[in-house]
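Welcome, and thanks for taking a look at this chain. Please open the structure and keep the sequence beside it while you read.

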Amino acid sequence: MAEADWSVSSDAIVERPRRIRNHPLLSAVYDHHDALIGEHLPDGEFLEVAFGQYMHPEADVGLEAWPSNVRETDEPAIVGDARSLPVPDDSFDGIIGRRFLHHVPERDRHEIVRECERVLRPGGRLILLEGTPGLYRRVTKGMAFRLGVMDEDNDLYGHLSREELRDLLGQEFEIVADEPLGSPLMMACISESELSKYLFPVYERTQVVTWWTLIVGEVT
Ligand SMILES: C[S@@+](CC[C@H](N)C(=O)[O-])C[C@H]1O[C@@H](n2cnc3c(N)ncnc32)[C@H](O)[C@@H]1O
């Protein structure tokens, strides 16, 4: 990503929308993630924090630190910081956070989880999908960068391992699901060819590397 597309504001990395839809296989993978998240949502009203380029289809309202992300969406959205949610206690039944915790310094991540617990109603759920560190991710991204098909990674703060995510959410929530996601075909996601989307059925059946973790915490 070019430097002008992101900045560090109050220690959070905020950024302009990424062009995920230019990558048909990645786009299909993200749609699949959204469907999986939907399976874990309870009934009720949902907030998405750090929605970036587009909101989860079931989110009723979104929150973003980067103002242009809010201006450019047609969905109800507010500018704000997930570390201090401008929302009263007990407001939502579900909070979704996709691929964003690595944009927040480690020392602030617990505050986000605590804030989510505060604004969730009893029985409410926090559903996070986060990148998981690992050799396959490092090698793939390193190769893509060297080949010039991916801009330099701005992952200053680092992803969380599955165990770190469990520890983080487990401080405030009961963990009700914890699912590793990823396929060796992740490499093909950098393709912009329309044909790449036809790889998705194979991608889905070969979930043998952990590129992401989907974790669900419930208010007890
Ligand atoms: C890698 S993008 C992910 C966007 C989207 N969730 C997705 O999965 O496509 C991370 C997003 O988190 C936002 N962000 C970073 N820190 C934040 C914070 N403290 N509060 C709200 N949004 C934040 C950034 O502006 C950026 O849009």
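This is a predicted model: local features need pLDDT of at least 70, side-chain atom pairs count only at pLDDT 80 or more; totals for chains, interfaces and linings use all residues.

Residues are numbered from 1 along each chain as its sequence is written. The chain holds 6 helices and 9 strands; helices (H or I, at least four residues) and strands (E, at least two) are DSSP runs, numbered from the N terminus.

**The chain as a whole**

- Of its 220 residues, 35% count as buried. A residue is buried if 20 or more other C-beta atoms lie within 10 Å of its own, exposed if 12 or fewer, and partly exposed in between, with C-beta atoms placed from the backbone.
- Among contacts with a separation of 6 or more, 73% come from residues 24 or more positions apart. Two residues are in contact if their C-beta atoms, placed from the backbone, lie within 7 Å.

**The sheet**

- Two strands pair if DSSP finds at least two bridges between them.
- β7 and β9 run antiparallel and are joined by 7 bridges; leucine 129 has leucine 214 in β9 as its bridge partner.
- β3 and β6 run parallel, joined by 4 bridges, and glutamate 48 is partnered by isoleucine 96 in β6.
- β3 also pairs in the parallel sense with β4 (residues 61-64), over 3 bridges. There, leucine 47 has valine 61 of β4 as its bridge partner.
- In a regular strand, side chains alternate between the two faces of the sheet. Both faces of β3 are covered, with Phe46 and Glu48 buried on one side and Leu47 and Val49 buried on the other.

**The nonpolar core**

- The largest nonpolar core has 48 residues, and Leu25, Leu47, Ile95, Leu126, Leu128 and Leu169 touch the most other members. A nonpolar core is a set of buried Ala, Val, Leu, Ile, Met, Phe, Trp, Tyr and Cys residues joined through C-beta atoms within 7 Å.
- Elements that each supply at least two residues of this core include α1 (24-40), β3 (46-49), β6 (92-98) and β7 (120-131). β7 gives the most, with 5 residues.
- Leaving aside neighbours within four places in sequence, leucine 169 is in contact with Val113, Leu126, Ile175, Ile215 and Gly217.

**Around the ligand**

- The ligand is surrounded by 22 residues, the closest being Ala12, Ala50, Gly52, Ala65 and Arg99.
- β2 and β4 each supply at least two residues of this shell, and β2 gives the most, with 4 residues.

**Residues to find**

- Alanine 50 lies in the loop between β3 and β4 and has a phi near 55°, a positive value in a residue other than glycine. Alanine 50 counts as buried because it has 25 C-beta neighbours inside 10 Å.
- Glycine 52 lies in the loop between β3 and β4 and, with 21 C-beta neighbours inside 10 Å, counts as buried.
- Aspartate 90, in the loop between β5 and β6, has a positive phi of about 55° although it is not a glycine. With 13 C-beta neighbours inside 10 Å, aspartate 90 counts as partly exposed.
- Serine 196 lies in the loop between β8 and α6 (200-205). Serine 196 and proline 24 are 172 residues apart in sequence, yet their C-alpha atoms are 6.2 Å apart in space.

Methods
A residue is near a molecule or strand if its C-beta atom, placed from the backbone, lies within 6 Å of it.
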